[in-house]
Structures are given as structure tokens and as C-alpha cells.
Amino acid sequence: MTTQEIQSIFEDYLTDDLTRQAHSVNGMMAPSFVSADPDTMTATLQFTVLPWESNRTGGLHGGIIGAMLDHTCGLIVSCFLGHWAPTMNLNVEYIRPVAPGDSLLATAHIISMGRHIIRVNGALCQQASGKLVASCTATFFNKED
């Protein structure tokens, strides 16, 4: 698989998010493709923190942080499997708060791809500073094997 093929697959998914799935969480988060590396099975999406994603203190809601990481990890898994796979587990470590308007980069890296189980690491960083906001480990299930 080439970088261009990964980008094309991601852009198809993201276009679907913004059109057919516009009222879903994935669509409303409005991510955009940044980069991919097929050799390391890694991809990065950009998210701008929107006002509706705030918690009661005005910062980015932890559930949205989890959704950003889950969405990015899920897309890289779907890309390499050739189909969608459900998340079995998502463990998020929250590092620092984020304000509305901040630009974030979510990077997902497949660390192992078995016949049924796919494990992924993810990181969410502030784009301007590069500071880590949250990290995750995730497990996906290849239900179509």
C-alpha cells in the first residue's frame, strides 16, 4: 500500500463523515487528513477544537478526546484491513487540557496485526507546540476474517 492509497482511503472516509455522516460525532468533529506512512502503518489527522466539544469548564471534553483518538485509530485499521473493524478496547491517558480553537494532531500507529486482533497506539498533540494532550492504546476486532 502506498501513501497515496492510504490518503485516498482516508479522504473517502472523511468525505463520508462530512456528507452522509454529517450529524454523527465523527462528522461534526470535521477531521482532515495530514499524512500517512505505509511502512510504519501510521497516519495523522488534524482536528480543530470546536465550541460544542467543550466540557463544563470550557475545555475540550474528555469524551471528544477519546472520540478523536478512536476515529483516527479506527481509520488506520480500516485502511490496512480493507474494511471497518469494531473497537474492542480504548484506554485513554489524559495529559493536559485543551481550549476551544486549538488545533490538534491525532496520530495512530498499528503495532500488531493478527488474524483477528489489531493493536494500535495513538497520540493527540497540540499542533502549535507539539505538546502531548492524550495518548491511547486500542484494540480492534477483525470480524470479517
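The lining of the largest pocket divides into six nonpolar, seven polar and four charged residues, where Ala, Val, Leu, Ile, Met, Phe, Trp, Tyr, Cys and Pro count as nonpolar, Asp, Glu, Lys and Arg as charged, and the others, Gly among them, as polar. The structure is a predicted model, in which local features need pLDDT of at least 70 and side-chain atom pairs count only at pLDDT 80 or more, while totals for chains, interfaces and linings use all residues. Residues are numbered from 1 along each chain as its sequence is written, and side-chain values use heavy atoms, with hydrogens and water left out.

The largest pocket has a volume of about 300 Å³ and is lined by 17 residues, of which Asp17, Asn26, His71, Leu75 and Trp84 lie nearest its centre. A pocket is here an open set of points on a 1 Å grid over the protein atoms alone, where a 1.4 Å probe fits, with protein on both sides within 12 Å along at least five of seven lines, and lining residues have an atom within 4 Å of a point. Grid points are joined across faces, edges and corners, and the volume is the space filled by probe spheres set on the points. Helices H1 and H3 each supply at least two residues of the lining, and the largest share, six residues, comes from H3; helices (H or I, at least four residues) and strands (E, at least two) are DSSP runs, numbered from the N terminus.

Of the 37 residues in the largest nonpolar core, Phe10 and Val120 touch the most other members. Such a core is a set of buried Ala, Val, Leu, Ile, Met, Phe, Trp, Tyr and Cys residues joined through side-chain atoms within 4.5 Å, with buried meaning under 20% relative accessible area, exposed over 50%, and partly exposed in between (1.4 Å probe, protein chains only). At least two residues of this core are supplied by each of H1 (3–18), E1 (32–37), E2 (42–48), H3 (62–81), E4 (103–113), E5 (117–126) and E6 (132–141), and the largest share, eleven residues, comes from H3. Leaving aside neighbours within four places in sequence, Phe10 is in contact (heavy atoms within 4.5 Å) with Phe33, Ala43, Leu45, Leu75, Ile76 and Cys79.

Cys79 is itself buried, with a relative accessible area of 2%, and its sulfur is 13 Å from the closest cysteine sulfur, in Cys73, too far for a bond. Cys125, by contrast, is partly exposed at 21%, and its sulfur lies 11 Å from the closest cysteine sulfur, in Cys136, again too far for a bond. With a disulfide taken as a pair of cysteine sulfur atoms within 2.5 Å, the count comes to zero.

Two further buried positions were examined. Val49, in the loop between E2 and H3, has a relative accessibility of 2% and counts as buried; not counting residues up to four places away in sequence, Val49 touches Leu60, Val98, Ala99, Pro100, Gly101, Asp102 and Leu104. Thr139, in strand E6, is buried with a relative accessible area of 12%, and with the sequence neighbours up to four places away set aside, Thr139 touches Pro86, Thr87, Met88, Asn89, Ile117, Ile118 and Arg119.

Most residues other than glycine have a negative phi.
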